[in-house]
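Thanks for coming, everyone. Please have the sequence and the structure open while I talk, and we will go through a few places together.

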Amino acid sequence: MTMTPRWPERLWLVRHGQSAGNVARDAAHEAGQGRIDLSARDVDIPLSDLGRAQSQALGRWFAQGEEGARPNVLLCSPYLRARQTAELFRDAGGCRSTLPLRLDERLREKEFGILDGLTTLGVRTEEPQQAELRRILGKFYHRPPGGESWCDVIFRLRSLLDTVGLHHGGCRVMIVAHQVVVLCLRYIIEGLTEEEILAIDARQDVANCSITEYGFAETDEGDGEMHLVRYNVTAPMDVEETPVTSKPDAIAGSRG
């Protein structure tokens, strides 16, 4: 009896392209404002023009590879900027044109609760108690009222990976989501510690439309494991000379 693999053959983690929220966040920081000027829910923030170009460059880069080097499962955060990234990737030939886009709410952005829409300055001035709690607890464990800690995100992503293993074992899976989601998936897949993943986070932001890739490898125990092939690679944008951006998401001035 042949057993279904518990891991994908290949797994790509992609952060969405630059969003209009990223642009608004930059403007708020430059103006010294406490709040980001957003006219819609974070869920509904679209890609910027540059973000659309980044998503198309990513699709064209994958289109140049062999079919075996392209995803045959496309999982996506339900947030508009992630959906648009995945759709533009598909339309540009990154995967077959008929590949369904599978939305999963467990891939959504980290929820910020009462800190939603605040810049770093805004958190210090409007929610000083939360700023102090975050300093004491650290971003990994701090949960703002109505929001999530990194641990909360990790909890839902463990469930997500169980689903991936159950339904997409042996497949080539691409996940399009958000910066914290990419980092928390690294934490789970590689068995990292709090200190290790926060050190990775501190070194650099996850660039928009960058590629983090894992490949399956057999082990002596027979279960096999995923090994990191590359992290935060921006080759698609580099090839097409499309500007690379690595700004946190719009509400990430208070990023957990």
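What we have here is a predicted model, and I would like to begin with the aromatic cluster that is formed by W12, W61, F62 and F89. The count of aromatic pairs comes to 6, and one of them joins W12 and F62 edge-to-face, with 5.4 Å from centre to centre and 85 degrees between the planes. Since W12 lies in strand β1 and F62 in helix α2, this pair ties together parts that are 50 residues apart in sequence. Are these two residues buried or exposed? W12 is buried, with a relative accessible area of 3%, and F62 also counts as buried, at 4%.

Another pair is that of F140 and Y141, whose ring centres are 5.1 Å apart and whose planes stand at 75 degrees, so this pair is edge-to-face. Here F140 counts as buried at 2% relative accessibility, whereas Y141, at 48%, counts as partly exposed.

Let me turn to the helices. Helix α7, residues 179–190, packs with helix α8, residues 194–203, at an angle of about 145 degrees, and their axes are 10 Å apart. In this contact L183, R186 and Y187 of α7 meet E194, I197, I200 and D201 of α8, a set that divides into 4 nonpolar, no polar and 3 charged residues. R186 also lies over the face of Y231, at 4.4 Å from the ring centre.

Finally, please find H168 in helix α6, which counts as buried at 10% relative accessibility, and which touches, among others, P8, V73 and R102.

Methods. Residues are numbered from 1 along each chain as its sequence is written. This is a predicted model: local features need pLDDT of at least 70, side-chain atom pairs count only at pLDDT 80 or more; totals for chains, interfaces and linings use all residues. Side-chain values use heavy atoms; hydrogens and water are left out. Helices (H or I, at least four residues) and strands (E, at least two) are DSSP runs, numbered from the N terminus. Buried means under 20% relative accessible area, exposed over 50%, partly exposed in between (1.4 Å probe, protein chains only). Contact means heavy atoms within 4.5 Å. Axes are lines fitted to C-alpha atoms, for helices over the stretch in contact, and angles run from 0 to 180 degrees between N-to-C directions. Ala, Val, Leu, Ile, Met, Phe, Trp, Tyr, Cys and Pro count as nonpolar, Asp, Glu, Lys and Arg as charged, and the others, Gly among them, as polar. Rings of Phe, Tyr and Trp (its six-membered ring) pair if their centres lie within 6.5 Å; planes under 30 degrees apart count as stacked, over 60 as edge-to-face and the rest as tilted. A charge sits over a ring if NZ of Lys or CZ of Arg is within 6 Å of the ring centre and within 35 degrees of the ring normal. Lists of a residue's contacts leave out its neighbours within four places in sequence.
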